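Please look through the sequence and the model shown here. The paragraphs after them go from the overall make-up to the details.

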Amino acid sequence: MSIGLLVHPLSPHIPPASSPSASTAGNHHQRILSLAETCSDMSQLKQLHAFTLRTTYPEEPATLFLYGKILQLSSSFSDVNYAFRVFDSIENHSSFMWNTLIRACAHDVSRKEEAFMLYRKMLERGESSPDKHTFPFVLKACAYIFGFSEGKQVHCQIVKHGFGGDVYVNNGLIHLYGSCGCLDLARKVFDEMPERSLVSWNSMIDALVRFGEYDSALQLFREMQRSFEPDGYTMQSVLSACAGLGSLSLGTWAHAFLLRKYDVDVAMDVLVKNSLIEMYCKCGSLRMAEQVFQGMQKRDLASWNAMILGFATHGRAEEAMNFFDRMVDKRENVRPNSVTFVGLLIACNHRGFVNKGRQYFDMMVRDYCIEPALEHYGCIVDLIARAGYITEAIDMVMSMPMKPDAVIWRSLLDACCKKGDSVELSEEIARNIIGTKEDNESSNGNCSGAYVLLSRVYASASRWNDVGIVRKLMSEHGIRKEPGCSSIEINGISHEFFAGDTSHPQTKQIYQQLKVIDDRLRSIGYLPDRSQAPLVDATNDGSKEYSLRLHSERLAIAFGLINLPPQTPIRIFKNLRVCNDCHEVTKLISKVFNTEIIVRDRVRFHHFKDGSCSCLDYW
């Protein structure tokens with residue numbers, strides 16, 4: 001674009017001999033505006049800016065409008081620094097100019113905080129008042145930086161300026177409060193909105209999913225369908241809710257709904273299919289996840305990470321590593337990130353591949369210059385400790401550049417417990433967990449697990465007085481052992497069972513089925529592992545065996561055998577790790593009753609079939 005040949009340039013410092021007529025000036029501004037519409041890069045825009053400076057009067061309203069357009073274009077070309085220079089060269093700024101710069105900062109990852117600072121400066125200068133376009137940009141920036149305090153201030157300004165009923169502004173408030181974890185405030189804004197858009201519903205559903213309120217999110221989705229047709233963003237949240245609930249039937253329905261209703265663009269197609277992969281992996285159907293992945297025309301890093309993490313949590317370490325090799329080869333040429341290596345380390349952990357785990361940890365730092373985060377240290381420490389290298393694991397914890405959290409200490413204690421290491425070492429590690437401030441501020445959490453593991457160490461050493469002391473301490477501090485809870489979905493309805501549960505309408509049939517299971521297992525020589533029963537110095541082995549029978553996953557399996565057609569896979573979701581005895585029993589049930597049982601516990605999936613488990617008894 002050769003601007004200099006179109007109009008004879010005037011000196012920026014010497015005004016024209018005679019002022020042009022209004023019509024001539026108007027035509028000139030219109031021509032510059034037309035040229036602005038054809039700008040395709042910053043080089044052309046800078047030429048246009050220079051031309052505007054030389055040939056227009058800065059005090060004219062039409063010139064200010066042109067500066068606003070130049071400011072907008074420089075922001076759209078992602079040159080925020082130039083946008084700031086243009087902005088600073090203007091004496092009187094319109095709301096449009098402020099909004100343009102605030103928006104540019106809100107969209108720039110490194111300038112989110114500047115968006116809020118610009119808004120404050122806008123109020124201080126008082127050149128122009130914020131409008132309904134100002135607040136969504138400011139709120140977006142506050143949400144990104146989790147600026148709850150700043151967001152509350154903006155909310156007050158919204159009410160003060162009379163925009164409390166604006167749908168776009170309220171959408172921004174819902175997103176802000178949802179991002180900051182203030183679900184009650186997000187819901188209050190949503191409930192009080194005089195009108196809602198599809199974005200309003202999407203923002204509220206997404207906030208509920210982020211907060212783990214999956215059932216409420218799906219209920220809101222059903223309400224939304226009375227007024228709006230869901231879009232790709234809606235379905236992403238719905239799929240995340242299905243993944244959180246482990247609801248394969250609902251997730252499959254959502255997949256069918258997408259296939260029936262949508263022909264989305266490529267970018268949204270990738271996002272939705274990534275959500276499908278994650279949902280199928282978390283619901284225990286790796287086969288369907290692979291089908292979605294293989295059918296994708298375009299994939300991004302998140303697609304590969306979802307599959308690697310899926311294989312990892314299902315204990316299929318070799319497939320996870322093969323996918324990584326495919327991802328980084330010359331054909332795909334996708335550069336891994338920190339999440340990729342979390343997946344690889346989890347895969348190694350679930351199969352006990354210590355050397356391979358060490359290699360990936362070193363590769364992450366050496367080849368990809370990724371700074372190890374707490375999650376990476378947690379994985380590698382757990383891997384090394386569970387393989388029996390307790391001293392090496394402790395040395396790694398001591399050399400970490402950040403303070404280890406309770407989860408890492410608990411991994412060490414768990415490994416010490418399983419490997420029968422010294423009571424003194426276990427006591428020292430337990431003190432670190434119990435003394436971790438972050439854990440004490442949470443309800444129970446890993447702290448309860450530490451007490452339970454320590455009591456198990458004492459029980460293994462027959463130090464029953466110490467077991468009693470640990471239990472007394474738990475009672476005095478109000479710390480309760482997290483109760484085991486297992487859920488099973490049948491015909492789209494989720495049924496929850498706690499250990500020893502008698503509240504289900506089919507309790508009588510469930511306990512009758514448990515008796516059938518016990519009789520069948522004893523007939524093939526099963527003997528219970530009483531070490532997994534409550535840790536008390538009791539000689540009544542019968543009571544210990546009875547407590548094992550009532551573990552939550554056994555109730556759920558019995559319920560599944562009663563209510564599902566023969567040889568239909570039974571899918572169980574449990575909040576705690578599977579104990580040794582239940583693991584052995586579930587293997588035997590899969591063989592005796594000729595049924596596949598899939599159990600997702602707190603850390604991984606177990607696929608039981610024909611008397612064996614996919615974890616190869618290493619978990």
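**Overall make-up**

The protein has 31 helices and 6 strands; helices (H or I, at least four residues) and strands (E, at least two) are DSSP runs, numbered from the N terminus. This is a predicted model, in which local features need pLDDT of at least 70 and side-chain atom pairs count only at pLDDT 80 or more, while totals for chains, interfaces and linings use all residues. Residues are numbered from 1 along each chain as its sequence is written, and side-chain values use heavy atoms, with hydrogens and water left out.

Of the 619 residues in the protein, 49% are buried. Buried means under 20% relative accessible area, exposed means over 50%, and partly exposed is in between (1.4 Å probe, protein chains only). A contact is a case of heavy atoms within 4.5 Å. Among contacts with a separation of 6 or more, 63% are between residues 24 or more positions apart.

In the model, residues 269-299 are 74% helix and 0% strand, with the end C-alpha atoms 10 Å apart. Residues 300-334 are 71% helix and 0% strand, and there the end C-alpha atoms are 8 Å apart.

**Nonpolar cores**

In soluble globular proteins, nonpolar side chains tend to be buried together. A nonpolar core is here a set of buried Ala, Val, Leu, Ile, Met, Phe, Trp, Tyr and Cys residues joined through side-chain atoms within 4.5 Å. The largest such core has 155 residues, and those with the most contacts inside it are Val-154, Met-204, Ile-277, Phe-341, Tyr-360 and Leu-412. What does Met-204 contact, leaving aside its neighbours within four places in sequence? Its partners are Ile-174, Leu-183, Ala-186, Arg-187, Phe-190 and Leu-220. Another core, of 30 residues, lies apart from the largest one and includes Leu-555, Phe-559, Leu-564 and Cys-579.

**The sheet**

Strands of a sheet pair through backbone hydrogen bonds, either parallel or antiparallel. Two strands count as paired if DSSP finds at least two bridges between them. An open sheet of 6 strands runs in the order S2-S1-S3-S4-S5-S6, with mixed pairing. Its edge strands are S2 and S6 (612-613), each of which pairs on one side only.

Strand S1 (residues 485-490) pairs with strand S2 (residues 493-498) in the antiparallel sense over 6 bridges. Ser-486 has Phe-497 in S2 as its bridge partner, and Glu-489 has Ser-494 in S2. With 2 residues between them, S1 and S2 form a hairpin, and Asn-491 in the turn has a positive phi of about 55°.

**Salt bridges**

Side chains of opposite charge can pair when their charged atoms come close. A salt bridge is a side-chain nitrogen of Lys or Arg within 4 Å of a carboxyl oxygen of Asp or Glu, and the whole structure holds 21 of them.

Arg-358 forms a salt bridge with Glu-392, with the closest N and O atoms 2.7 Å apart. Arg-358 lies in helix H20 (residues 354-366) and Glu-392 in helix H22 (residues 390-399), so the pair ties together parts that are 34 residues apart in sequence. Arg-358 is partly exposed at 25% relative accessible area, and Glu-392 is partly exposed at 31%.

Asp-581 and Arg-554 also meet in a salt bridge (2.2 Å, N to O). Because Asp-581 lies in helix H31 (residues 580-592) and Arg-554 in helix H30 (residues 552-563), the pair ties together parts that are 27 residues apart in sequence. Are these two residues buried or exposed? Asp-581 is buried, and so is Arg-554.

The salt bridge of Asp-519 and Lys-515 (2.9 Å, N to O) lies within helix H28 (residues 507-523), where the two residues are 4 apart, about one turn of the helix. Asp-519 is partly exposed at 39% relative accessibility, and Lys-515 is partly exposed at 45%. Elsewhere, Asp-108, Arg-111 and Glu-114 are linked in a network of salt bridges.

**Cysteines**

How many disulfides does the structure hold? It holds 0 disulfides, a disulfide being a pair of cysteine sulfur atoms within 2.5 Å. Cys-369 is exposed, with a relative accessible area of 66%, whereas Cys-485 is buried at 12%.
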